Amino acid sequence: MPNHARAAGLTAIALLAGITAVSFAAPAKADSYPSRDITFIVPFAPGGGTDPIGRQFAAGLEKALKGSNVDVENKPGGSATVGISTVVRARPDGYTIGLGTNAALVYQPLVNDGLIYKSPDDYEPIVKMVELPSIIVVKGDARWKNLDEFLAEAKANPGKMRASVSGLGTIVEMVLQQLNKAADVKITPVPFTGGGGEGLVAVLGGRVEANVTSGAAGVAGQVAAGEVRVLAVAQKGKYEPFPDATPMGDNYGVTLPYATYVLAPKGLPADVKAKLVAASLEVVNSDDFKNFAKTTGMIVDPKGPEETKQELQQYTRTFQDLKTFMDQK
Amino acid sequence: MTTIDGILYGVSVAFTAQNLLVAFLGALVGTAIGVLPGLGPVAGIALILPISYSLDPTSGLIMMAGMYYGAMYGGSTTSILLNMPGEAASVVTCIDGYEMTRRGRAGAALTIVAVGSFVGGTVSTIGVMLFAPTLAKFGILFGPAEFLALVAGGLLLFSRISGGSFASGIFPMAIGLMLSTVGQEDVTGQNRFTFGLIDLTQGIELVSLVVGVYGVAEVMNVVESLETQVKPLRVKLRDLLPTREEWRRAWAPYGRGTIVGFVIGLLPGPHTTLSSFVSYKIEKTFSKYRGEIGKGAVEGVAGPETANNAAATSTMVPLLAIGLPYGAVTALMLSAMMVHGVQPGPLLIVNHPEIFWGVIVSMYVGNIILLIMNVPMISVWVSLLRVPNHIFLPLILLMAVIGAYSVNNSMMDVYFLIALGVIGYFLRKFNFQLAPMVIGMVLGPLIEKYIREGLFMNLGDPSIFYKSPMALFIWLVVIFVLTLDLQRAVLDRLFGIKTRTIAIGGGD
């Protein structure tokens, strides 16, 4: 069927021409940045706790930069390292940026040799967005009324008390280990890896004694209904959504939060970076973003590139210490 | 608020112009997503997530729910017509659905499915209305021990789900299990079989497997047999409708499928996929016509497709009544609620009755819309079979590639799609069964997860797996079903009692 063959050939050529035209579009001049759509990579699946943060930021950035769409692209996998690696590898033109977390940016390189990033020197931190403090939750009718009672029982039964976490080597497990270290107890982490509040279900079903989770959003409904109670929060000072929770930062120095950042590939042109940083800071300082964070129990912590880099370097030491402690057992 | 008040209130919410429109749009887009191979409900709903943010939360959820059960319905269309499942929950529908198409009964099969989806969705909605608060905590009763019994028992039972010899089922299942171990495992974050490739840490995508071994392999199959292929006959309107006999045989599977789907939908996990597999297995074990299943029987289509719609509906129970998302789609709905500042949880029904009752009543409306919209579409779908192959096959391939890419926005998934297509083609040539491969891939990670969770939870002591009464009961049921043949032989030999042939595991 020569006619079909020719038609198919012509179509293919037309398609190829189109693709070529798009991919070889002249790189945008910095002074005209942004002149086309920006891709914002969220290294998690849609529907989790982190995806909405990325989407909220992308929507804000679109307004702040004016004239360009900011398209969210979910690229989950490998504890967020797949999506972050995509950003790190991308052409440094400001058109591919993405979300990173302290766990994926700092802890993963410590345990995962194959990653193409090792430290904040391998990418450009742009801005810090929000922090979610980790909280310890027990069943609503549990016999422990506060953290002290819980820790007293843990001390009397080393290794017998269990707390569900979302995986080993995650922020919430490290918070638990920080507490174990500081309070000299041995609470056993039990990984429930399915997401969607599975660790909470294990508490509700009475299969573990406690659940360690990040932020208020996932449990607020259960707390309001009296199904669960928040014993403690891993920060200094009281946590607004759960004012009765014991701040573990005050007595035990347990403060490790789940933190989210925006990053770009290394080697951005200086003026593009300046524009991106200014717009990003504008977003995280905006009322829209603050309201969003408030309703979901997140804490906005705007930091520019230098401060963010220092914070990430600081985390490297914290995680290294914790890893040493965890490896001993 | 009593249930009656709630329903009346829900009617007032669901019957506003906006909510009727979004229910319609959801069902329409969902059907399209289901029909396109590879583009599943999760990827599809993720695409409209930003749109739902601009709607009020009730409308957003109504639209998402509509897309979910719409996709469950639409997924069967290509299974039946082309032997290519639109998504994983419609894999078993290929077996008997495609056989029916080859016998010229495509229209009948599609009509049976449309009505079955309606029955499953509607009856399940009634169940949600009446029992939501009571049933919400059903899933909480299940811990790692109970789930391990369910999924490991399921793996044993499903190995011969599509008939054939033992080896022809167990070998592809082993491949499926092996493929499921590739990538970064969740518990400790170790990379397995990734050979240092970052992109492999995300693992092999189920969509690549399903669309590869069915879709791509089927395209190769058709190309190979182009010369000998018979053009489907022009279908008369009368042939689009099931015969009286076909209708009669569909009702029992509708009933069983609804119950199976409803119950499985209340549990965490890939419930729509599992419900269709379980329903198929039940039809094959207990149906009066079990001997014909696998050779184009109505039961093999009616049961599973009813079940996955019932499951897509009843999974709203844990989401709305206690705020726990038990699947990827409900997790998306949960995140849509949170973005609006609506707090999901046990108090949702008190604080936001408009969401609770509005969404439930809308599912009733949506299922009617789905039925009215899709029955006339059946003749259009069937006429797709007459599209010339040189146009049709490249389009299918294109859609398969787009679908595989869209799940994780990853080229790796596309490469696997093609590789698995080739593997699927050769497995078929050697008469291996493909459904067990999908089962291995779905259940493999779950089995590992529940074993590890159980051991961690019980501080390394495996007694947890047999000390739970519910787990023990599930294991006994599994053993009972597995040994039906043996039991029959024993009864016959020792006591001379003749029982009806139980076609366990195959029509052989």
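## A partly exposed serine

Ser225(B) is partly exposed, with a relative accessible area of 27%. Buried means under 20% relative accessible area, exposed over 50%, and partly exposed in between, with a 1.4 Å probe and protein chains only. Ser225(B) sits in the loop between helix 9 (206-224) and helix 10 (237-240) of chain B. Helices (H or I, at least four residues) and strands (E, at least two) are DSSP runs, numbered from the N terminus. From Ser225(B) to Tyr364(B) the C-alpha to C-alpha distance is 44 Å, and the two are 139 residues apart in sequence.

This is a predicted model: local features need pLDDT of at least 70, side-chain atom pairs count only at pLDDT 80 or more, and totals for chains, interfaces and linings use all residues. Residues are numbered from 1 along each chain as its sequence is written, chains are lettered from A and ligands numbered from 1 in the order in which they are written, and side-chain values use heavy atoms, with hydrogens and water left out.

## Chain B as a whole

Chain B holds 24 helices and 2 strands. Its C-alpha trace spans about 60 × 60 × 60 Å along the principal axes. A compact globule of 508 residues would have a radius of gyration near 23 Å, and the 22 Å of chain B agrees with that. The radius is taken over C-alpha atoms, and the globule rule is 2.2 Å times the number of residues to the power 0.38.

Of the 508 residues in chain B, 61% are buried. Take the contacts between residues at least 6 apart in sequence: 78% join residues at least 24 apart. Contact means heavy atoms within 4.5 Å.

## Surface and charge of chain B

Chain B exposes about 19,500 Å², and carbon and sulfur atoms supply 71% of it. Areas come from the Shrake-Rupley method with a 1.4 Å probe; for residues, only the protein chains shown count as cover.

The chain carries 29 positive and 28 negative side chains. The centres of the two sets lie 11 Å apart. Lys and Arg count as positive, Asp and Glu as negative; His and the chain ends are not counted. Each charge is placed at NZ of Lys, CZ of Arg, CG of Asp or CD of Glu.

## A sheet in chain A

Chain A has an open sheet of 6 strands, in the order 7-6-8-5-9-10, with mixed pairing. Strand 7 (188-191) and strand 10 (246-247) stand at the edges, each with a single partner strand, so one side of each has no neighbour in the sheet. Two strands pair if DSSP finds at least two bridges between them.

Strand 5 (residues 134-139) and strand 9 (residues 228-233) of chain A run antiparallel, joined by 5 bridges. Here Ile135(A) stands opposite Val233(A). Strands 6 and 7 of chain A run parallel, with 4 bridges. Ala163(A) has Pro189(A) in strand 7 as its bridge partner.

In a regular strand the side chains alternate between the two faces of the sheet. In strand 6 (residues 162-165), Arg162(A) and Ser164(A) point one way, Ala163(A) and Val165(A) the other, and all are buried.

## Backbone exceptions

Most residues other than glycine have a negative phi, and most peptide bonds are trans. Asn409(B) has a positive phi of about 50°. It is buried, at 18% relative accessible area. Leu459(B) has a positive phi near 55°. Leu459(B) is partly exposed at 40%.

The peptide bond from Tyr33(A) to Pro34(A) is cis, with omega near -5°. Pro34(A) lies in the loop between helix 1 (2-23) and strand 1 (38-42) of chain A.
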